[in-house]
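Welcome, and please open your viewer.

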Amino acid sequence: MKRIKSLCFLFCVVVLGVVFFFGANLNQAQALALAEQTESNVYNEIDSYLADACAKAHFPAMSITIVNKEDVLLSKTYGDCESTDTPFLLGSVSKSFTALCIMQLVEQGKINLNAKLSDYLPNATDGNKISILQLLNHTSGLGEHQNLGNYKITEKQGVHKYANVNYSILGKVIECVSGLSYEDYVEENIFEPLSMSKSAASYEKAKDNGLIKTYENWFGINTKTNPKFPKSGDAWITASAGYLSSSTSDLGRYLQMYMRGGEGIISSESINKMFYENVEVQASIPYKYGMGWTLTNEPLKQPALRHSGLVETGMSTIYILPESQIGIAIAVNTNDYFVGKDMMDRIDWSIVLMLMGDKPNQINDNEYVLRHFLYDLAYFVVFAISVLPLCLIMLYKNRLTTGRLWVKISLLILLHLILPIFILLLPQMFFATPLWVVRAFVPDMFTTIIISSCILFITGIAKTIMLIKKTHPPRRQIDSTLAIL
């Protein structure tokens, strides 16, 4: 009897164990299935959000690739873009590639981050005062709008001041130390090892790769134009500072390299230096900048490494979320500086927010049209102010015989000298941006400013001639008057 009870007890234990085992595995399988479904839903939501946002932001084309260490999680295009293998212009996302090249040469013992620039470029202006690390972190003291032909220390060193020239100089350092052109170095040491076949550091190679058609924005209308690749070494933005091209598919591969610890391209120690040995930057949302990457901790639920890029005909952004081990690459083929740029920022941050379980930034239905209408209205007001004196020039001529001369001269100076100069200086006064930058990045504003100023100047010249003729009649007229008397 005891033996039967023992057998029964053993049987119950085995049954319970089997039930527990299969139940636990079933729960685990259900949990995994639920997680996969949740993840799938997130990427479906991101896809739907981007399709809607791309249309509302009036981007001609957009491409996105999201990856983890092993897989591609989302690969989509919107608008007039056939494939995520289509190359876009990267803008300042190029800086992370240049920083990576520098760190490769550091690992080879060919560059010391704390060495002075003059150690590598003996003739560099202020080269004995600027370190390689300062160039990488934008703490060199060089000016925002300087280039390789005119750079010098104008800002406080040790304080972050973003300047393209820092990375243009680093491109020259890479060439000097490696003995290769910047283009060849990037191709041989990054693009080829990572099988980034749609990436390039020159316009010719970018065209061969199928570079997407590019656009610039005129008064809210995206207008097809040729990409504005740098034509000289003294360009404000050079290849090493912002003119690499790549597809988001290639960029996904590039981001995976970082998440996998370097894959022989670079060591994990150097990656950590690039990501985390940085400098504080005070902004509305504080962040840190280091070696081609920004690090943002707040107000996100987890840290985000990021760099955005903007050139005359394109915008792009890359992210790495270190805790989630997810990389994001997104690119569009237009530059709409005042409206589209803001929308691009809100859109790419929304991807991160959605991956962290938060709600995305919404792009409203009529936002693009309304905002451009307000800018166009401002342009029209400036233009109308400049044209009005020309329209009234005959009235001015008829009234030259009335009123005091000093009042007429004062109005001429005010309306046709001081006002056009004020219009020309508007970008510098309100945006701290010189006109030649406005010409490249905001062509509609530049055209409005130049035409309006020229009309005012020319009208002023015509009025001045009329005034001189009225106040100083020709000699023949004076003689005729005296003869009558």
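Here is a short tour, with something to select at each stop.

**Before you start**

This is a predicted model, in which local features need pLDDT of at least 70 and side-chain atom pairs count only at pLDDT 80 or more, while totals for chains, interfaces and linings use all residues. Residues are numbered from 1 along each chain as its sequence is written, and side-chain values use heavy atoms, leaving out hydrogens and water.

**The whole chain**

Begin with everything shown as a cartoon. The chain has 16 helices and 13 strands; these are DSSP runs numbered from the N terminus, helices being H or I with at least four residues and strands E with at least two. Of the 485 residues, 48% are buried, where buried means under 20% relative accessible area, exposed over 50% and partly exposed in between, using a 1.4 Å probe and protein chains only. Among contacts with a separation of 6 or more, 63% join residues 24 or more positions apart; contact means heavy atoms within 4.5 Å.

**Stop one: α11 and α15**

Select residues 367–391 for helix α11 and residues 443–471 for helix α15. They pack at an angle of about 15°, with axes 8 Å apart. The axes are lines fitted to C-alpha atoms over the stretch in contact, and angles run from 0 to 180 degrees between N-to-C directions. That makes α11 roughly parallel to α15; angles under 35 degrees count as roughly parallel, over 145 as roughly antiparallel, 65 to 115 as roughly perpendicular and the rest as oblique. Now show side chains: the contact includes Y379, F383 and L390 of α11, and M445, I455 and K463 of α15. By class, this contact has 11 nonpolar, 4 polar and 2 charged residues. Here Ala, Val, Leu, Ile, Met, Phe, Trp, Tyr, Cys and Pro count as nonpolar, Asp, Glu, Lys and Arg as charged, and the others, Gly among them, as polar.

**Stop two: α2 and α8**

Next, select helix α2 (residues 94–107) and helix α8 (residues 248–259), which pack at an angle of about 45° with their axes 13 Å apart. That makes α2 oblique to α8. Where do they meet? S96, F97 and L100 of α2 touch L251, Y254, M257 and Y258 of α8. The α2 contact with α8 has 6 nonpolar, 1 polar and no charged residues.

Pick N164 in helix α4 (residues 164–178). N164 is buried, at a relative accessible area of 7%. Leaving aside neighbours within four places in sequence, N164 is in contact with S92, K95, E144, W236, I237 and A241. Then move to helix α5 (residues 182–191), whose buried residues are Y182, Y185, V186, E187, I190 and F191. These buried residues pack against α2, α4, α6 (203–208) and α7 (239–242).

**Stop four: two loops**

Most residues other than glycine have a negative phi. Select F219, which has a positive phi of about 55° and lies in the loop between β4 (214–218) and β5 (221–225). Then try Q325, with phi near 55°, in the loop between β11 (314–321) and β12 (326–332). F219 is partly exposed at 35% relative accessible area, and Q325 is partly exposed at 25%.

**Last stop: cysteines**

How many disulfides does a search of the whole structure find? The count is 0, a disulfide being a pair of cysteine sulfur atoms within 2.5 Å. Select C54 and C81: the sulfur of C54 has its closest cysteine sulfur in C81, 9.6 Å away and too far for a bond. C54 is buried at 3% relative accessibility, while C454 is partly exposed at 37%.
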